[in-house]
Amino acid sequence: MRNELLEKYLPLTPEEKEELKSKKIKKHDVATVFLHWFNMLVWLTELITGAALIVSLNYAFMPKFFTKIVSDIYGTRGNIIRTHIFVGVLWAIVLTLYALFGWRRYLKPTLKEIFGITKDDIGWLKAKFEEVVLGKKVHYPPQDAYNGGQKLFAQVVALMVPVIIITGFIMAFHLLSPSLIRWAIIIHFGAVGLVVMGLSVHIYMALLYPPEQEGFFGMIHGYVSEYFAYHHHYKFWRKKKKGLDKPEELPPKKDLPPIKAGIFLGIVLFFSFYLTGFGLGSSGFVQRTLVAILGAFAPESVKNHSYMGHYWGVYPLWNFLVFMGLGVIAGTLFAMFLAHHKFRFRIERGEKINDFQRLVYAVIGGIIVGFATRVAGGCTSSMALSGGSVFSPGGWLFMIFLFIGGYLGAFFFRRLWK
Amino acid sequence: MAKYGMVIDLDRCVGCQACMVACKAQWQTPEDYFRTWVKHIGPVQVKDEMVFTSYVGQCNHCDNPPCVPACPTQATFKDTETGIVLVDYDLCIGCGYCVEACPYDARFINPVTKKVEKCDFCFPRLGEEDPACVKTCIVSAKVFGDLENKDSYISKKISEGNTYVIATKEINPGPNVYYKGRRSKVEAIIKTYPPKKKDTLPAKIWSNILRPFVILGAGATFIGSLVAFLFQINQGEKEGEDEE
Amino acid sequence: MGKPISRREFFKRSLLGAGAVGVTDYSYVFKKFPPGKAGKENVELIPSVCEMCFWKCGIIGKVKDGRLLKIEGNPLNPHNGEKICARGNSGIMQLYDPDRLKYPLLNVGERGKPKWKRISWKEALDTIAEKMKEFKKKYGARSIANLSHGSSSIPMRKLLKNFGTDRIAHASFDQCRGNRDVAFELTFGMGAGSPERVDLINAKAILLIGSHIGENVHTSLVKEFIEAVEGRKAKLITVDPRFSMIAGKSDYWLPIKPGTDTALILTLINYIIQHNLYDKEFVDKYTYGFDKLKEEVKNYTPEWAEKITEIKKEIIIEIAELFGKSKPAVTIFPGRQSTWYGNDTQRVRALAILASILGAVGRRGGYFFPTKIKLKGCPCPNKVEEEDYLCDTSEYPFIETTTECIREATLNDEVKMWIVYGSNVIHNTPNPQKTIKAINKLDFMVVVDIKPTEPSLYADIVLPEATYLERYDIPFMVADSRTPFIQIRRPVVQPLYESKDAFYIVSELAKRLGLKDCFPCETMEDYLNLALSSLGTNLKKVEKAGGIYRYEGKPFLEDVGENYRFPTPSGKIELYSNKLSLNDKDPIPKYEPVEEPPKGWARLSYGRSPVHTFSRTENNKWLHTLNPENDLWINEEAAKKMGLKDGEYVRLKNQDGVISDPVKLKVTPGIRPDMVHTYHGFGTQSPFLRLAYKKGMFENALITKIKLDPIMGGMAKRINFVKIIKDGKEIDFPVIKQKPSGFKKKPEKEIKIKLTAPLPVGGGQEEEEGGC
Amino acid sequence: MKKSVKRIMMEANFYLLFVNLLDYPKRAALSLFDDFLKIVKNSYPSEIPKLETLELEYTKLFINAHPFVPAPPFASFYLSSGDIYNEVENYYKKAEYLIEARDFPPDYLIYELVFLSNLLNDEKAEIEREFLEEHFLPWFGKFSQKVKESDETGFYYFISENINTFLKNRLKELRNGKTDIPS
Amino acid sequence: MIGPLYKVLGWSHGTLLIFAVIIGFFFGYALYRSGFYSAKKLAGVFYLYDFAVYKVIFFAIVVASLLLWFFSSIGLLKFELLSFHPSYLWSAAIGGFIFGIGFSIGGFCPGTSLVSAVTGSFDAIAFFVGVYLGIAIWDLGYPFIFKGLNHLGKIEAKTMMELWGIPYIILIAIAIVIVIVTFPLVDKIEKKNKI
């Protein structure tokens, strides 16, 4: 394949065309595909229920029979609005999670791509306009991963989605004042209207417009033929070919020295006491999740169980320590992200034992530690750390015996780690 | 099928406000909100006659109520069997468009439930007994009944004549609450509390700018795609050849 | 159960150990209820009688599980039926008012600044009984006075009369309808009745002087009045310087000059006699002193009347002709609150005389007779005769004991103890400072009420009375009715807190005062059964029949027999009153000019608001929102000249220099320029009324000049004059020459509406077929 | 006759202690004041006022006063949302209780505390939490604020404020699932 | 604002849970940045080649107690309103001992195993599952075998200050002395057993 193709977009010879057609190139990664189709499902229900909700003369989008059919499906119109709100809230949650956790890997690059309007994009739009409306033969400038039209639609969606969510929440939960709700209504309808405009073109282009056929399947398994990429999205193809699209690799950070880590942990512990009056803790997380799981199977027996009954309360998971555990998970992920560490499946073990043995010992260790936390009433973070800082006798005693047990254990099991 | 309405005999009414209290006792409307009201007018000189009357008002359950199209989710609707304008509280999002659209100010947003509240002719009591205000009106100035059935008491009372509606040339949503009595009284009422056409800014922006924009836009793109699709069909399938 | 019970162990020891024996057992509050079978779902309908004002309409309480949900009219009641007024509807707010009196209270602080200590009923009643016995021994039984109002105070009055004192004043005598009843007593030998005994339904013409029906709401009266005027198209003549609501509905509105009503009535009498429009046959048979009357009134000519009353003489003549034509079905409405200018009894007598010469007494369309039946009650006779009035009757021959007399008696140490029963004496009697001065001289004062009003500030003991929704009461015999009946007030809900009904208080006091034999009945129910037994029925039966027992009435002459003797000295209707002449008062009413407001001043007149019973209902949350404050009616022309605008706040200064609270102006052509009008009962000075405190103007303060009616001592209050003060500047009322006037209602163009035709569209233009 | 164990269990719970202290002052109830101090882990600064002064103070604060009752012990006075009596009676019905005493409106402070004590005895923690969170604490806080404004002796404010804080902790414990009597 | 805010200001349960997540977030961040995602580093304290665990815990206790003492002495924190673990001395001792043994075998404690599991360490996941099993054993066996084992040696005192009457600042001083003495010692041991 001629490498000057990498420089400029040139018409291809038939063999080159065949060659490119046979090769596949990755266009969308898994998360984007999942999000796209999830979004499609949500929008489908929201548009149907939404349109079915708006029936009054001044606002209606859809004809009468449509709203009739939908309200028959849902029984009472009350159900329609409840579904609309439920799906809307679900959609909002998924989007926020995606934005939070997928920021660096997915959202940031896509947004940069969408809002990076270049001369070529405008050129493409002008050309499209001339071709469709004026019927002239036109030549399209080279395009990025998303051509001008797709960028325009993506920009509309990116801007309108938060607007729709916020106004939706104001309406659904009657927030603040009726006058604000009034504005929220028309903005909500306007934003949805805008998105629907772009949507019909998007659906036509993806589904029915023959040259984009490949693009449609690209959104299902994520791959398109190189030829399609070359022809429709030359700049993207070129970047991919030159391997320029890897996100730049930042150097991984080293761990904090123990003193600095200790200070940081100390401050966190102090704030936990200052804000809530409770110290840190993680064994409670395990205990309550376990009770919740067992409770799912045999709620009555767990509820009245002499020990587990304590933890049932209103609902085992609706608790300080459980939410702290969730915070720990989020904190770890974020720490990995900031420290540019990669997510690696691994097993750490001493040289003398193999992986399987390591796993077995890990489980045995876990059982002993789990049992011990119940006897002592806490783990390192709750007894040693929190208990220690307020100088609770139990806390210090626990720590001292922990080291004793630890060194004893180390003596017998040095084989595992030496 | 019935079309319930009410006749308020202004000649009989003495403005004692018993109806307001009976309604509040029945429906526990919050502090100073009332579904029906009595506003004293006068004594004032109308043409050459002195008038001292009271504007007894409530929702007029109009034939083409301006509040129904104003409600985006159609939470408020005119019940076909009884002709009473009701509210489906599941659908009401408390936006208050209907409150603004009502020319008679017969609606309000209940601060406790955050949803709209209005007179519904004591709908839950409909079969057994008259609405609370009709029942307690000392001088039987309020008459409630089915307008469509000719020999009902209310139809007789209306056909006796001198019956007007609070409506003007410009604003006449077809109210079903009639006011009987001397013309000067009804004129005084209309002069002091004329039915108003109120359009909120968002509603105006929506109907004049946003809605046409959305319909045109969505329509255009949809038809555009359709035309392109048809164009593409009759051009026949040119399987993926590249246009240079 | 492994739950640690150490904590509970700890409590048990402490609760049981240290003096737990006195700990009250609260298990009575709740009853365990098997799931599913919740309380009674259905709503009980309990008939009773309203007491939001004294009209006693029949009501029904909708009660669920012992809690009152709503009050509605009692359809079985012949008078108001299912209709009740705004106050009737809001009775529920009085029942559940957090400021209600709850327990007997002893004032351990000083008078005026009470520090209340809750005491038991036993202790309270013992103290009161001790005090009464002590005062009786030291100063005689009549050193105890009672100021009361309302139906529940009747048992207390009975007790006091048996105890030997008759200093019992009820405000309604000298403040309200006292002089009307005395006038009717002198003329017909019987009062005008409450509800007034007027057969409005059959009347062809009605004369209404100074009474603002509609703004003053007495349910059955307003109902029948409007039915007569609008339903039966009777001709209504309203004589009122202010264009009241009822004036708007009348055929003739006569904006008379204040104080000259008697002149108008006497002119009408004279014209009717001169033109033989009177009922000759009735006059000869039933009246006495017609010739003297004819002689007396001969020079009251319409021309003279026009100058005095500023009413066109043509109108006066037209009215006289109308009465002549429609006699005897003419109702001359007696009015109710009639103490206005100081010579009011004579005015009401003139009204009675006008009705008599038209033969409208005991005839359909006119006055009718009451039908009383005797009910068994307390066995022993009063120790004191009714007539033995203690106030010196020399000056006022027909005076009953009034608040004024008791105030005077207290000030010169004749009265040592007051029992104020359900009456706000400080608020409802003019010159409150004098009342307070009298109270401070008292040795002991007891207040029985449902809410802490001003008098309770000065009381030594305050007793909480159950509201009308929580008590039985004496059987109410409505004798003044064409269809007389007896109705029973029955507790709709259990009495809240420790409030007790009147009978409990009275029978307990009777036990302690050794008068138990006079009050044999243990509870009010026994009393009711005793009373109803005289009719051959009992409480249960009557309650099952909807709380109403109807008996046959004899309202008209044809029922009582043609040669009926009126209970007057002459046995006839006394046009010429013998009693008056005996007490050298004018036997036949004469017109005496009333003092006119000096230049720059206007007369202050007051009336009722349809929504309030004076201060009693002001603190009612619902009623308060309807009509939070009163406003001052002022003539449009005068206001323009004085530079005042509608809705502005001004103050009033009266002739004695008293300056009022600010009041909102209501500029309207519907009032004469030489007077202003406001609603009574607002701007209460009592801080007790959380909502109503200082809302609106307390016009009672402005009424400092009062004139006692020469015949019965009623207090005339419409003789105070005021000026307007705006931003500190006094503004005089302009003198506007009033041409004689009198308005006749134009007949309405009959506009037939075909229901199918397009609805008549308003908008002010003249539309032939429709209207606006 | 000897009180049944159930009786003793019923009596031995802190809500009843609060009822005794918030009802009309009686010598027996005042003797429980030091138990009250133990529960709320607080000490009363000055010595306890005499019974007479407390009776006067109680009447002034909660029954009748000049110019009006500063702190009426009724929920409907503090909550403005809709028909309070219905709301309260629905709670009672939900916990399968029917209010027998009718000498006070159903939203009377003492009735609500007795209701809470019954809930505690019958271990209906869920309803107790909901009643505290949605109905009782929102108005009791305002009530205690009103008491603070007009209580000269400070005794009743001390009681109401400590009950308020205590019940707030109680609510937190209930949420965290500790349904037994708090330590 | 006087701490602990949740109790003094009477936050609703929902607010408490939000703060729980925030505190957990920084707790997880601190654990990760201290390197406790690797079992090797954690177990080092027992096998003498990396005393990070010891240093971090001890230093955290010193810093936290200093701050707690300082804030409560100037009145910004009501120390008595903090919630303390009930002191069951014998149970704490036995529990601690067994915990130590398990720690030396498994190389994790519940909190750090969660952190490490999230970063993808299979052995941490295994350990975490083990903890579930351990707790399950206890829960199910509690009514029959282990009843009361967790409530041995109960004493009233919640803190050593109550127990021995030693003021808070003195105890902190002792801890600081321990830190000053042991840290260099530990560094020497670490260097000796460097692997």
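This is a predicted model: local features need pLDDT of at least 70, side-chain atom pairs count only at pLDDT 80 or more; totals for chains, interfaces and linings use all residues.
Residues are numbered from 1 along each chain as its sequence is written, and chains are lettered from A in the order in which they are written.

**View 1. Chain E, element by element.** Of the 195 residues in chain E, 52% are buried (20 or more other C-beta atoms within 10 Å of a residue's own). The C-alpha trace spans about 50 × 45 × 35 Å along its principal axes.

**View 2. Helices H8 and H13 of chain C.** The axes of H8(C) (residues 261-274) and H13(C) (residues 344-357) come within 9 Å and cross at roughly 20°, so the two helices are roughly parallel (angles under 35 degrees). Among the residues in contact (C-beta atoms, placed from the backbone, within 7 Å) are C:Ile265 and C:Leu268 in H8(C), and C:Ala350 and C:Leu354 in H13(C). The residues of this contact divide into eleven nonpolar, two polar and two charged.

**View 3. Where chain A meets chain B.** Here the contact takes 32 residues from chain A and 36 residues from chain B. On the side of chain A, helices H5 (77-101) and H9 (178-208) each supply at least two residues. H9(A) gives the largest share, 15 residues.

Methods:
Axes are lines fitted to C-alpha atoms, for helices over the stretch in contact, and angles run from 0 to 180 degrees between N-to-C directions. Helices (H or I, at least four residues) and strands (E, at least two) are DSSP runs, numbered from the N terminus. Angles under 35 degrees count as roughly parallel, over 145 as roughly antiparallel, 65 to 115 as roughly perpendicular and the rest as oblique. Two residues are in contact if their C-beta atoms, placed from the backbone, lie within 7 Å. Ala, Val, Leu, Ile, Met, Phe, Trp, Tyr, Cys and Pro count as nonpolar, Asp, Glu, Lys and Arg as charged, and the others, Gly among them, as polar. A residue is buried if 20 or more other C-beta atoms lie within 10 Å of its own, exposed if 12 or fewer, and partly exposed in between; C-beta atoms are placed from the backbone.
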